[in-house]
Amino acid sequence: SVARVNFAPPEVSSNQINLDFNFHTVGDENDTKTFATEQTSFEVTITASNLSSFYESPLTLGYTLQGVTVNDFDPSLSSLTGTVSLTTANNFKATLSFTVDTLLSSKNLVISTPLGDSDALQLRPINNIAGSGGDRVYSLSGGNEKVHIFETNGTFTAAKNGVIRLLMVGGGGGGGSDMGGGGGAGGYIEETEFAVTAGSYTISIGNGGAGAPAGTFGPRGTNGQPTLAFGLTALGGGGGASDHDSSSYPAGNGGSGGGGSGGRLSSGNYGGLPGITTDPSQGNNGAGSGVTWYPGGGGGAGEPGQRQPAHGGDGRLTDITGTPTYFAGGGGGSGYSAVGGNGGEGGGGGGAVGTTTGGSGYNDGNPGGGGSTNSQTNRPGGSAGANTGGGGGGGSHYASNNNGGAGGSGIVVIRYTLD
């Protein structure tokens, strides 16, 4: 990736032109400013503020002159060139000189880079991070990018300042029992350009929540635990609601909310309410249960949970590992009046009753335990895939062997370009 700094309105004094930049990352924009001059000799001093020391590059500037033909220039000058030098940790300064052979009164001089897609100065990220740590460390095809995957707690060490791509997923919530709702997915955070300074960083991976125990009359599935790294927190997912004829065991809130149990649209006492996301940037709400008896699926990072059928919400797709992969899918809710829901893409566990599937992901979620509709079939929900942050599947009606599936543990993935 490339960071760009944009031109700010210039100041003209004597024969010196000062171009001031403020650093930020932008898309393709035309940010070049023009200004009037009356000199034939110029010294262009370029400074930038708010520039992280993680960026440096040789600087090449081209120039054009509005209203003046190319013959008015010194023929030996086809471009302006100079080298960026950092003057402090967050600033740089470059001085460039050129002359023209005619007065340029009232003409507009345009300083730009010859890039075609943008008139902004380009700076290349320094990525000699020389990182270490992780359960899996490998280079991608071509050898110019490196990936560190933390499936368990650990320490990432950056030998130098740099910019990384970062994925964090919290632990998923466990599924509910007795027409249980699906567990909500763990919170999802992905940063495409995240600056780190040289040093060591503690990585804490959130555990998935336990599924609700077998039986009736609660409790709900346990919420997942948060994943912590680089000062950021990916929230744990909410556990799925439990019990078919009581409102005492609602689903948990979290990165994504757990699904509701039973059939609340027929009666407010027929099951627990769904959970909501406490940070919409990280996930979605669980689905409430419908009429008797249609429990709800847990929310996923990419979409809310569903009902009738109670599919878990899909997670989000990313290629940060080098292969397009889903993370943070919601757990499927149990069935009763119909079959249960599938786990959401991103490792969600399938709900009990009928044939359900776990969602695909870094590790696939497990299917629900099957069983017959409209019966006390006593089957468990499927557990989510490990290190996906997926929610567990909801367990069936009624009182034994109907535990909710466990939520999937979280993950941290770090990727960066090698110089």
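1. Gly371 touches Val353, Gly354, Thr377 and Arg379, leaving aside residues up to four places away in sequence; contact means heavy atoms within 4.5 Å. The C-alpha atoms of Gly371 and Gly354 are separated by 5.5 Å, although these residues are 17 residues apart along the chain. Gly371 is found in the loop between strand 21 (325-327) and strand 22 (411-417). Strands here are DSSP runs (E, at least two residues), numbered from the N terminus.

2. This is a predicted model, in which local features need pLDDT of at least 70 and side-chain atom pairs count only at pLDDT 80 or more, while totals for chains, interfaces and linings use all residues. Residues are numbered from 1 along each chain as its sequence is written, and side-chain values use heavy atoms, with hydrogens and water left out.

3. Gly371 is partly exposed, with a relative accessible area of 24%. Buried means under 20% relative accessible area, exposed over 50%, and partly exposed in between (1.4 Å probe, protein chains only).

4. The largest nonpolar core has 19 residues, of which Phe156, Ile164, Phe230, Val412 and Ile414 touch the most other members. At least two residues of this core come from each of strand 14 (154-158), strand 15 (162-169), strand 16 (188-196), strand 17 (199-203) and strand 22. A second, separate core of 14 residues includes Leu140, Val169, Ala328 and Val413. A nonpolar core is a set of buried Ala, Val, Leu, Ile, Met, Phe, Trp, Tyr and Cys residues joined through side-chain atoms within 4.5 Å.

5. The structure holds five aromatic pairs. Rings of Phe, Tyr and Trp (its six-membered ring) pair if their centres lie within 6.5 Å; planes under 30 degrees apart count as stacked, over 60 as edge-to-face and the rest as tilted. Phe156 and Phe230 form an edge-to-face pair, at 6.2 Å centre to centre and 65° between the planes. Phe156 lies in strand 14 and Phe230 in the loop between strand 18 (227-229) and strand 19 (232-234), so their pair ties together parts 74 residues apart in sequence. Both Phe156 and Phe230 are buried.

6. The ring centres of Phe327 and Tyr362 are 5.8 Å apart and the planes are at 25°, so this pair is stacked. Phe327 lies in strand 21 and Tyr362 in the loop between strand 21 and strand 22, so the pair ties together parts 35 residues apart in sequence. Both Phe327 and Tyr362 are buried.

7. Phe156, Phe194, Tyr201 and Phe230 form one aromatic cluster. Among the residues that Phe230 touches, not counting those up to four places away in sequence, are Leu166, Val196 and Ile203.

Note on methods
Helix = DSSP H or I, 4+ residues; strand = E, 2+ residues; numbered from the N terminus.
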